[in-house]
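Please read the following with the sequence and the 3D view side by side. The text moves from one part of the chain to the next.

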Amino acid sequence: LTKGRATVYQAYGNKTTCNIQGFFSQYSTIVPLYNAMLALNYLLLVKFGVNDDEMRRKYEPFMIFVPFVFALSFAVTGLACEMYGPIDIW
C-alpha cells in the first residue's frame with residue numbers, strides 16, 4: 001500500500017514496493033505449476049512405466065522449463081503493463 005492511504009492502518013510503501021509485491025505474488029504461480037509437473041512425473045513413472053533415463057532425457061527439461069517460463073512471463077507482463085498497484089484489504 002502506498003504511504004498515507006487512509007484505508008489501512010500503518011500503510012507504508014510506494015509504487016516500487018507495490019510493483020515488487022505484485023511481481024513476486026504473480027511469480028508465485030510457479031508453485032502450482034511445479035506441483036502439476038510432479039504429478040505428471042509420478043503418472044509417467046507409475047502408470048506408464050517410463051524409465052529413469054527416458055524421464056531425464058525426454059520429460060525433465062520440459063517439466064523444469066515450462067513452470068519457470070510461464071510464471072516469469074506472467075510476472076514480467078504484469079510489470080511491463082503496470083498492472084500492479086495497492087492491494088488494499090483483500
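The model is predicted, so local features need pLDDT of at least 70 and side-chain atom pairs count only at pLDDT 80 or more, while totals for chains, interfaces and linings use all residues. Residues are numbered from 1 along each chain as its sequence is written, and side-chain values use heavy atoms, with hydrogens and water left out.

Begin with helix α1, which covers residues 15–27. Helices here are DSSP runs of H or I with at least four residues, numbered from the N terminus. The 13 residues of α1 reach 18 Å from the first C-alpha to the last, close to the 18 Å expected at 1.5 Å a residue; the expected span is 1.5 Å times one less than the number of residues. At the start of the helix, a side-chain oxygen of N14 comes to within 3.0 Å of the backbone nitrogen of T16.

Which residues of α1 are buried? They are C18, G22 and F23, where buried means under 20% relative accessible area, exposed over 50% and partly exposed in between, with a 1.4 Å probe and protein chains only. Seen down the axis of α1, the buried residues fall within an arc of 130°, so they line one face of the helix. The arc is that of the directions from the helix axis to the C-beta atoms. What covers these buried residues includes α3 (52–80).

Next comes the core. The largest nonpolar core has five residues: M37, L44, V50, M55 and M63. Such a core is a set of buried Ala, Val, Leu, Ile, Met, Phe, Trp, Tyr and Cys residues joined through side-chain atoms within 4.5 Å. Helices α2 (30–47) and α3 are the elements that give two or more residues to this core.

Contact means heavy atoms within 4.5 Å. N41 lies in helix α2 and is buried, with a relative accessible area of 17%. Not counting residues up to four places away in sequence, N41 touches M55 and M63. N41 and Y59 are 18 residues apart in sequence, and their C-alpha atoms are 8.2 Å apart in space.

In the segment after α3 sits E82. Most residues other than glycine have a negative phi. E82 is not a glycine, yet its phi is positive, about 50°. E82 counts as exposed, at 62% relative accessibility.

The last topic is the aromatic rings. How many aromatic pairs does a search of the whole structure find? It finds three. The rings of F23 and F24 have centres 5.3 Å apart and planes at 90°, so this pair is edge-to-face. Rings of Phe, Tyr and Trp (its six-membered ring) pair if their centres lie within 6.5 Å; planes under 30 degrees apart count as stacked, over 60 as edge-to-face and the rest as tilted. F23 is buried at 17% relative accessibility, whereas F24 is exposed at 52%. F23, F24 and Y27 form one aromatic cluster.

F70 and F74 form an edge-to-face pair, 5.9 Å centre to centre with 70° between the planes. Being four residues apart in helix α3, F70 and F74 are separated by about one helical turn. F70 is partly exposed, with a relative accessible area of 41%, and F74 is partly exposed at 39%.

Note on methods: Polar contact = N/O pair within 3.5 Å; in protein donor to acceptor, adjacent residues only side chain to side chain.
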